[in-house]
Amino acid sequence: MDISNLKEIAQYTLSCLKKHGADDAQCKVGHSVADEINIDAGEFSLMRSTFNNSISMLVIKDMKKGTIVINKFDKESIDAAAKECVENASVSAEDDCLSIAPVEGNEDFSYGVGESDRDKFFDRINEYMENLSKDYPKVFVEQLIAEYCDGKSVFANTNGVEFSNQSAYYSMSSMYSAHDGDKTTSFNSTGIDFVDLDKKILDMGTQRMMYELCEKELDAVPFEGKFTGTAVFAPSCLGDIIGTAIGSFTTDSSIIDNTSPWRKSLGTQVADNSLSVSLIPIDPRVVGGERYTAEGYKTKNCDIIKNGVLESFCLSEYGARKSGEKRCSTLSGCMEVHAGETPYNALISKIDKGILVCRLSGGSPAGNGDFSGVAKNSFLIENGKITKPVLETMISGNLADMMKNITDISKETAEDGSCVYPWVAFDGVTVSGK
Amino acid sequence: MLNDLISKHIADVSDYTEIRTQIDTNCGISIVSGNLVGNSRVTASGISARVYKNGVYGFSSVGEYSDESVKAVLNAARDNALFLDRRVNKNKPALYDAPVVNYTDTTKIVDVPQKLLLDFAKELDDYIANKYPDLSSRSVMIRCDSSERLLHVSTGSSAYSVSPRSCIYVDMSAEANDGSNVELFEVMDCARGYFTDVFTSPDALYDKIEELYQKLMAKKEGVFSEAGVCDCIIDSSIAGMIAHEAVGHTVEADLVLAGSVAATNLGKQVASDKITIIDYAHTAFGKTVPLPVYVDDEGTPCEDAVLIENGILTGYMNNKESAVHFGMKPCGNARAHSFDDEPLVRMRNTAILPGTDRLEDMIASIDNGYYLTKTQNGQADTTGEFMFGITMGYEIKNGKLGRAIRDTTISGVAFETLKTVDMLSDELHWACSGYCGKKQPMAVSDGGPAVKCKINIGGR
């Protein structure tokens, strides 16, 4: 079928699903063209261009669900997949909470630049490497992936919902470490999404701060001993704490099976009243974002925690029906932890003994929120000052408790095109070393 | 079987070129506390080409497989290589000239009906629900993945392979006395093969489910580990993580070039002389390894890569480009995940070789420490610093197993931790249920004996 008419492909897919016996059906048709430049071990290594198609189908038949994903747009493949999807639903389990979205107003969205400028893109990446080498000579880029992606998608269902979206923008992620003679640091990573090539990429976001810290990590020493104190999580890893807590305690799985420690906490205080967290896929600070949800509802930003009070679970429509709670208007990962009132330097100066964590290497937390992990690219805080970089340092705590033990949130925030995070200080975190 | 539309085009190329077509299928069933939340089948197929030019690669892929699409990706990959070569002018030498190989896998492709997977999962879930009503939640997951691929390389090598893998996972949680929810996850089984090759009937898994339940009950009463460095025994079921995370990644040649700790340690003692670590290609100890690879995605015939021998760092895992750089022979470690992925240096079946000690003697040798038996995940650093999430373990007090412990994390620096190894059990346990993440996911296996070492453990 004509790749330039995704709406036609979507409607054809729905007609096939209905023909094969679907009661209700939805599909998402996507086509993307991407250019990618890779740098490995500090040198340009690969230029990639990829052309990808996909159709995700979902069928409800006799209140039973089947899903299938293919990457072909020819009628024969679509028809065969639709038939298989309905067959999968037929043998599935009945569930009276299954549904598809109602029509609330169809819309076409577009975002970003229309066409990649490959030469200018390369020049900006080359400039990035030259700037990095000049300004942070001890930093070594282990791998850098820069991508321009132009993605088009159409969502449609048999209720008549139809959304389309075209989103085209650039992104860059860098994995790096610092080296000086025999001294070497842990790797760290930074990344940024951006719409155009008008600015120097190194000047975007908090990259310069990250590279500056990396060079300072060359003097890191193993931490010895153990204490319970304040852990300040930098924007680069705040998502590992607050994002993980939201993901573990408010989403479908832990709410449906009633294992979330916040299951009965809607409308109550779950965090210090300084904490407010929102999902912001539609925000000028977010690049790309989300315009319609995976279930076919128009996306709206949503407050999850406001002044410490749990305002909303992050539930899909299915999760909402299953648990008797409300659907969240977005499940996008674009998160804002709202800025506090304390300047970053003042936040650090208040801490007697603590750790500034810039990367957390750890497993998923236990169901009750217990977690432990290795504090990477991190610094000891003593008597109000960042004193030395540390190695081999474990931190542990409980995510639910930590949300209540927030002592400060910085005024400054960092934006990477996806999330907006400040620096947040949590009390009562166990720090242990050798 | 994939039709060969490639070979006639590969004959026309002038630069070093790989063309690969794949059909990848993933089937998943997921039942959470009786609710069927996942019943999916994902198929992705297409073609890609990669062209090498003076030290840079051009790559292109498209989700169609036809004469036209082969020509299109070849042209785009060549144009990309020319673009980058013109802009960076690296002028590097030709790739390693690996022996020509033509390999054809005879594995028969089986299309397992989704209903069979669903019925199997439902029966397991019903059994768990009836037998263990005191659980606060339960999940049964089935995952089957399969990759059929055809590769042609301009050097004359070609390979047709089929790699199916089937796994069942069960997760249980129960409420502890303190009101918290305690969870335990177990791979019931995972092996190369289609579902019907690996699994016969649900009741064959009942003993393992009972074992999981009993461990969860012990964990429910578990205590928090004491944070700090102590003697630990890492059970054979998870010791492969050390081979993979702590050592394996640091000796992948692309990461060595990126400055990993292995760059300055080749030929040096990096571990106790009891430690030998090998990345096996397809056969170990006279048996086929869990996920055999015979020809890699650059068309190099696969051989075992010896990484550490009696404590000495002896080699890296290479692709054709890094092999030239280091003057080593590539052993077939260049692997790509999907049709639209380029080959990267990846592990295959990486294992610590077993020793001669009995597990009981190892436990008896520790006055105060931990026996760690389940891991959730692991991460490694190019410095060799690694961490694993631990989801099950026991105290060891005065040479005897004590109380179970709650979830924690262990960490260490590979080449320091491995020097503290003083006992290795006489068994070898392989695990192949996971994916390794490094730009692309990759099915890998790892193995090892129980390992006694000093390690940093998290805790309250």
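A residue counts as buried when its relative accessible area is under 20%. All the views below show a predicted model.

**Figure 1. Chain A as a whole.**
Buried residues make up 58% of the 434 residues in chain A. The chain contains nine helices and 22 strands. Its C-alpha atoms fill a box of roughly 70 × 55 × 35 Å along the principal axes. A compact globule of 434 residues would have a radius of gyration near 22 Å, and the 24 Å of chain A agrees with that. Among contacts in chain A between residues at least 6 apart in sequence, 72% join residues at least 24 apart.

**Figure 2. Two asparagines of chain A with positive phi.**
A:Asn258 is not a glycine, yet its phi is positive, at about 60°. This residue sits in the loop that runs between α6 (252-256) and β11 (277-279) of chain A. Is A:Asn258 buried or exposed? Its relative accessibility is 52%, and the cut-off for exposed is over 50%, so A:Asn258 counts as exposed. A:Asn377 also has a positive phi without being a glycine, here of about 50°. Its place is the loop between β17 (370-376) and β18 (378-382) of chain A. A:Asn377 has a relative accessible area of 3% and is therefore buried.

**Figure 3. A:Ser364 in a loop of chain A.**
The loop that holds A:Ser364 lies between β16 (359-362) and β17 of chain A. With a relative accessible area of 49%, A:Ser364 is partly exposed. A:Met402 is 38 residues away from A:Ser364 along the chain, and the C-alpha atoms of the two are separated by 16 Å.

**Figure 4. Chain B as a whole.**
Chain B has ten helices and 26 strands. Of its 460 residues, 62% count as buried. The C-alpha atoms of chain B fill a box of roughly 70 × 55 × 40 Å, again taken along the principal axes. For 460 residues, a compact globule would have a radius of gyration near 23 Å; the value for chain B is 23 Å, which agrees. In chain B, 74% of the contacts between residues at least 6 apart in sequence join residues at least 24 apart.

**Figure 5. Helices α3 and α5 of chain B.**
The view shows helix α3 (residues 114-131) and helix α5 (residues 206-220) of chain B, whose axes come within 12 Å. At what angle do the axes cross? The crossing angle is roughly 45°. Angles under 35 degrees would count as roughly parallel and those from 65 to 115 as roughly perpendicular, so α3(B) and α5(B) are oblique to each other. The crossing of α3(B) past α5(B) is right-handed. On the α3(B) side, the residues in contact are B:Glu123, B:Leu124, B:Tyr127, B:Ile128 and B:Lys131, and they meet B:Tyr206, B:Ile209 and B:Glu210 in α5(B). By class, this contact has five nonpolar and three charged residues, with no polar ones.

**Figure 6. B:Glu385 and its neighbours in both chains.**
B:Glu385 is part of strand β18 (residues 385-397) of chain B. A relative accessible area of 4% makes B:Glu385 buried. Which residues does B:Glu385 touch, leaving out those up to four places away in sequence? From chain A, the neighbours are A:Ser186, A:Val374, A:Lys376, A:Leu391, A:Glu392 and A:Thr393. From chain B, they are B:Gln379, B:Ala380, B:Gly412 and B:Val413. B:Glu245 is 140 residues from B:Glu385 in sequence, and the C-alpha atoms of the pair are 9.2 Å apart in space.

**Figure 7. B:Leu428 in a loop of chain B.**
B:Leu428 lies between β21 (423-424) and β22 (429-431) of chain B, in the loop that joins them. The relative accessible area of B:Leu428 is 28%, so the residue is partly exposed. B:Leu428 touches B:Phe285, B:Ala351, B:Ile352, B:Pro354, B:Gly447, B:Gly448 and B:Pro449, when residues up to four places away in sequence are not counted. B:Leu428 and B:Ala239 are 189 residues apart in sequence, with a C-alpha to C-alpha separation of 9.2 Å.

Terms used:
Residues are numbered from 1 along each chain as its sequence is written. Chains are lettered from A and ligands numbered from 1 in the order in which they are written. This is a predicted model: local features need pLDDT of at least 70, side-chain atom pairs count only at pLDDT 80 or more; totals for chains, interfaces and linings use all residues. Side-chain values use heavy atoms; hydrogens and water are left out. Helices (H or I, at least four residues) and strands (E, at least two) are DSSP runs, numbered from the N terminus. Buried means under 20% relative accessible area, exposed over 50%, partly exposed in between (1.4 Å probe, protein chains only). Axes are lines fitted to C-alpha atoms, for helices over the stretch in contact, and angles run from 0 to 180 degrees between N-to-C directions. Angles under 35 degrees count as roughly parallel, over 145 as roughly antiparallel, 65 to 115 as roughly perpendicular and the rest as oblique. A crossing is left-handed if the near helix is turned anticlockwise from the far one by less than a right angle, and right-handed if clockwise. Contact means heavy atoms within 4.5 Å. Ala, Val, Leu, Ile, Met, Phe, Trp, Tyr, Cys and Pro count as nonpolar, Asp, Glu, Lys and Arg as charged, and the others, Gly among them, as polar. The radius of gyration is taken over C-alpha atoms; the globule rule is 2.2 Å times the number of residues to the power 0.38.
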